[in-house]
Amino acid sequence: MASSVDYDDVQGLVRFGYPRMTEACYFLVKIKNASATRDWIASAPITSAVKLEQPPKTALQIAFTREGVEALGVPQNIVNGFSAEFISGMAADENRSRRLGDIDANSPTNWQWGTNGNVPHAVVMLFAEPGFFDEWKRSITDQSWQAAFEEMYCLPTSDIGGREPFGFVDGISQPEIDWEQARKVPINGHEREYSNLVSLGEFLLGYPNEYGRYTDRPLLDPVDRGSSELSFAEDQAGMKDLGRNGTYLVMRQLSQDVRGFWQFLDKATNSNSEERYRLGSYMVGRTIADGLPLVPLSSRAITGIGKERDGRTKNMFTFDSDVEGAQCPYGAHIRRANPRNADIHGAPKGLISTFIRILGFGNKNVRDDLIASTRFHRLLRRGREYGPKLTPEEALQPAPDNDVDRGLHFFAINSNIQRQFEFVQNAWLMGTKFDGLTEESDPLIGNRSPIAGCARTNTFSIPRRGRVRRRIMDVPQFITVRGGAYFFLPGISALRYLSKLGD
């Protein structure tokens, strides 16, 4: 029987995301003095995942890079228990950079932070409801903070009404975490119907994932110093679990060329405003007006998706009704980021047919098997926008000399960086052969640089029933990476362990 979650031991960002706390900033810091930092961690008011009758008006969260974990004094044999991706970092491996699309304009050599000796040791995240932020920030960055940390950057955020900088509704599609651990992992890993309910172990270490297994993480011998603060591992008898109730946090600073996006759409549609919005919606996969998907909402309930206040949900859909991609193009951002049931759309639903598919036989449509099951590659997004709002109409005007940067501080929570974030980024978003396509990457965040075997990556195609697909050529790169890193977001007992390393 699965153990219940100790919400007191989970940092609240995983469970809540703090949507009511619309004011926030992210401190990227280096550890100035390890002893002072451990003291600061011991007294820091880290916000847990416990639900309160009166929700807090402020929140504090912290996560560490591998460099930060080492700077705190974690023994190397324990550091080696973290994932290979976390240990090597987002930008240290040229092969990884190529897989993530971090080449040319996105190359780490151009980043503002995250490489070339400019890797932060930690990210400290501050959130607050309107009117509480300034005082909260002052109280956190007191004398003990100054003794502990060297501030590299304080990255601001913006509240632009639940929309990302291009103007589309954001944060609609999120997995529902199975906090109660009631989900039964399908036999042989195969699931015939799309579900938005995802195993807890996909987002928190120390619990079974979608394979019914435990993701590797650092385990300690009970005799190790400080291990008394930690829970015992469920899957390794007698070992203490440093990872339990923690997770990996992927952070990327993404600069968005809002003017370039809308000016390109305007040119591609001969300044026809209706067509301009339609083409933008094709690229995103949702309407700009209300965020509804371009495919019809499902008439049947989907596990893990509840009703919104207006009685309908913008997330209640699959691509079953759009096998040809004529309503929502195959390459649309929402289809790439979460293909839902695209790997089984149009396929027979019977048990015999399902068994035949598992064995790899009987597929008449090659597209049916081009995408792996999405439930193994879900991400919990916790990002925030930065920079002032710019409407599509304003974006059509020439940029002033003092125009400011706009974009997204992208955050993703996942227990397996390689299988979740890196897979989605490489195979689906940057992949030029996603869902049988050619010569195109994600229309929003794709890197347009030629790659081996694909000299052109800057097109966007729109299938049309009974007609040749429409092809948009020479799509520019609209988003540029300015920095990034892989962090470990510890459970609160793991933070106590870190705070006592010098004892």
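The questions below go from the whole chain to single residues.

Visitor: What kind of model is this, and how many helices and strands does the protein have?
Guide: The model is predicted. Its secondary structure comes to 14 helices and 15 strands.

Visitor: How do you know whether the radius of gyration agrees with that of a compact globule?
Guide: A compact globule of 503 residues would have a radius of gyration near 23 Å, and the protein has 23 Å, so the value agrees. Taken along the principal axes, the C-alpha atoms fill a box of roughly 70 × 65 × 50 Å.

Visitor: What share of the residues counts as buried?
Guide: The share is 55% of the 503 residues. To count as buried, a residue must have under 20% relative accessible area. The protein exposes about 21700 Å², and carbon and sulfur atoms supply 50% of that area.

Visitor: What share of the contacts joins residues 24 or more positions apart?
Guide: Among contacts with a separation of 6 or more, such residues account for 72%.

Visitor: Which residues touch the most other members of the largest nonpolar core?
Guide: That core has 83 residues, and those with the most contacts to other members are W40, L60, F64, V124, L126 and F261. Leaving out residues up to four places away in sequence, L60 touches W40, A44, P45, I46, T47, V124, M125, L126, W136 and I140. There is also a second, separate core of 34 residues, which includes A24, V198, L200 and L204. In soluble globular proteins, nonpolar side chains tend to be buried together.

Visitor: Why is helix α8 called largely enclosed?
Guide: Helix α8 covers residues 258-268, and eight of its 11 residues are buried, so the rest of the structure largely encloses it. The buried ones are V258, R259, G260, F261, W262, F264, L265 and D266. Their cover includes β9 (247-256), α9 (273-284), α12 (392-395) and β14 (467-472).

Visitor: Where does D435 lie, and what is its phi?
Guide: D435 lies in the loop between α13 (418-429) and β13 (460-464). Its phi is positive, about 55 degrees, although D435 is not a glycine.

Visitor: How do you know whether D435 is buried or exposed?
Guide: The relative accessible area of D435 is 1%, and the limit for buried is under 20%, so D435 is buried.

Visitor: What makes C454 buried, and what does it touch?
Guide: C454 has a relative accessible area of 6%, which is under 20%, so it is buried. This residue is found in the loop between α13 and β13. Not counting residues up to four places away in sequence, C454 touches T432 and E439.

Visitor: Why does T215 count as buried?
Guide: T215 is at 11% relative accessibility, under the 20% cut-off, and therefore counts as buried. It is found in the loop between β6 (197-199) and β7 (219-220). Apart from neighbours within four places in sequence, T215 is in contact with G201, L205, N209, S415 and N416. T215 and N416 are 201 residues apart in sequence, and their C-alpha atoms are 7.1 Å apart in space.

Technical notes: Residues numbered from 1 in each chain as written. Predicted model: local features only at pLDDT ≥ 70, side-chain atom pairs only at ≥ 80, totals over all residues. Heavy atoms only, no water. Helix = DSSP H or I, 4+ residues; strand = E, 2+ residues; numbered from the N terminus. Rg over C-alpha atoms; globule rule 2.2 N^0.38 Å. Buried < 20%, exposed > 50% of the residue type's maximum accessible area, 1.4 Å probe, protein only. Contact = heavy atoms within 4.5 Å. Areas by Shrake-Rupley, 256 points an atom, 1.4 Å probe, with all protein chains shown as cover. Core = buried A, V, L, I, M, F, W, Y, C linked by side-chain atoms within 4.5 Å.
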